[in-house]
Amino acid sequence: MQLPKVLGVATTARTRPFHRAIDQSRDPLAALDLLLDLGFTRVLTSGHESTAGEGLNTLARLVERASGAMEIMAGGGLKLADIPAMHAVGLSAVHLSAKRTVSTLADSAVALGSRDGADPTAYAVTDRETVRAARAAVNAANVGS
């Protein structure tokens, strides 16, 4: 992380999640210590990996290091199946896109200008069922906590 840039936003953004820049740092634990010193209260991270599932061990170390002084929010490629494991290592918050791709291209339509089969009408939307399932997974993980 570039300290001058972090300091520039620190005074106004401390209550907002510090958004995944920690995953680009050389040492996520040292970066967490810096964020704690700056007064941040929440960080969104995939645990220094491409996806939160892959970063589970580092996420657990971040939770332990934060000792309740900062909320560690797992996010980045998070899957529904990852939620129980996230909870098991002490994460109290998760973030996922819950998206699915939709298309307005009819089955028999020609994909104009696209010889590679790509759908030029495709776009992502939030999938309500995925959101409901994520909420249910979080609720289930919290039972017995």
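Visitor: How does the lining of the largest pocket divide into nonpolar, polar and charged residues?

Guide: In this predicted model, the lining has 6 nonpolar residues, 1 polar and 1 charged. Ala, Val, Leu, Ile, Met, Phe, Trp, Tyr, Cys and Pro count as nonpolar, Asp, Glu, Lys and Arg as charged, and the others, Gly among them, as polar.

Visitor: Which residues line the largest pocket?

Guide: They are V94, H95, L96, A98, V131, A134, R135 and V138. Numbering starts from 1 along each chain as its sequence is written.

Visitor: And what gives the most to that lining?

Guide: Helix 5 does, with 4 residues. Strand 4 (93–95) and helix 5 (128–142) each supply at least two. Helices (H or I, at least four residues) and strands (E, at least two) are DSSP runs, numbered from the N terminus.

Visitor: Changing topic, where is D127 found?

Guide: D127 sits in the loop between strand 6 (123–126) and helix 5.

Visitor: Is D127 buried or exposed?

Guide: D127 counts as buried because its relative accessibility is 14%. Buried means under 20% relative accessible area, exposed over 50%, partly exposed in between (1.4 Å probe, protein chains only).

Visitor: What joins the side chains of D127 and R100?

Guide: A polar contact of 2.7 Å. That term means a pair of N or O atoms within 3.5 Å; within protein, one must be able to donate a hydrogen and the other to accept it, and residues adjacent in sequence count only if both atoms are side-chain atoms. Local features need pLDDT of at least 70, side-chain atom pairs count only at pLDDT 80 or more, totals for chains, interfaces and linings use all residues, and side-chain values use heavy atoms, with hydrogens and water left out.

Notes: On a 1 Å grid over the protein atoms alone, a cavity is a set of points where a 1.4 Å probe fits but cannot get out, and a pocket is an open set with protein on both sides within 12 Å along at least five of seven lines; lining residues have an atom within 4 Å of a point.
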